[in-house]
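Please find below a short note on the model under review. The points run from the overall fold to one feature of the surface.

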Amino acid sequence: MLKVLRPLAGLIEGFIDRIGTLTAWIALVMIGLVATNVLLRYAFSFGSVWAQELEWHLLAALILLGMSHALQRGDNVRVDIFYARYSPRVKRGVDVVSALLLIALALAFIHLSLGYVEQSRSIMEGSPDPGGIPYRWAVKALIPLGYGLLVLQQLAHLVRLLSTPLLAQESARV
């Protein structure tokens with residue numbers, strides 16, 4: 001049954017890769033923006049509330065859109081002191097339980113954030129500062145979107161874990 005879902009897992013992983021490429025561009029834009037803001041502030045005593053807020057909005061997008069890609073690539077921080085000593089069967093069990101727990105946590109974040117985003121959208125929340133960015137709800141909408149991507153990535157990961165024979169996983173890790 002799960003082997004039938006492997007092509008879908010591949011599509012999800014490809015989509016997450018494209019989102020990862022987008023986040024790389026966001027990081028590049030953010031670096032340019034921060035450098036420009038610092039130069040303008042210290043060299044010309046000119047600052048912009050809008051540009052500073054844009055830095056924070058880009059940082060939120062970078063984190064929320066990039067976390068699923070980082071997890072897919074294994075670039076996340078983890079503690080391998082015990083995991084490295086486990087047998088392949090136990091490692092697989094830990095990976096499955098971890099994926100399920102992360103899916104549950106991400107779904108909770110989605111559920112909790114939807115009302116938060118809707119409230120912000122309904123009042124057309126904007127920056128409290130003059131000259132700030134309007135439509136703050138748009139950046140808040142990245143919360144359920146980012147966690148939704150995390151759910152998709154973990155579902156694809158589960159399909160790969162459970163549809164690959166244990167012997168194939170053992171040889172892939174060596």
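The numbered points below concern a predicted model.

1. Secondary structure. The protein contains six helices and zero strands. Its order along the sequence is accordingly written α-α-α-α-α-α.

2. Overall dimensions. The radius of gyration of the protein is 20 Å, whereas a compact globule of 174 residues would have a value near 16 Å. The C-alpha trace extends over about 60 × 40 × 30 Å along its principal axes. Both descriptions should be kept in view when the model is discussed.

3. Of the 174 residues, 33% count as buried.

4. A nonpolar patch. Which residues form a nonpolar patch on the surface? The patch consists of Ile81, Phe82, Tyr86, Val90 and Val94, which together have about 440 Å² of accessible area.

5. Ile81 within the patch. Ile81, one of the patch residues, is located in the loop that runs between α2 (49-73) and α3 (88-122). Is Ile81 buried or exposed? Ile81 has a relative accessible area of 51% and is therefore classed as exposed, because the exposed class begins over 50%.

Technical notes. Residues are numbered from 1 along each chain as its sequence is written. This is a predicted model: local features need pLDDT of at least 70, side-chain atom pairs count only at pLDDT 80 or more; totals for chains, interfaces and linings use all residues. Side-chain values use heavy atoms; hydrogens and water are left out. Patches are made of residues with over 30% relative accessible area and no salt bridge: like charges are joined within 9 Å, nonpolar side chains (Val, Leu, Ile, Met, Phe, Trp, Tyr) within 5 Å. Accessible areas come from the Shrake-Rupley method with a 1.4 Å probe; for residues, only the protein chains shown count as cover. A salt bridge is a side-chain nitrogen of Lys or Arg within 4 Å of a carboxyl oxygen of Asp or Glu. Helices (H or I, at least four residues) and strands (E, at least two) are DSSP runs, numbered from the N terminus. Buried means under 20% relative accessible area, exposed over 50%, partly exposed in between (1.4 Å probe, protein chains only). The radius of gyration is taken over C-alpha atoms; the globule rule is 2.2 Å times the number of residues to the power 0.38.
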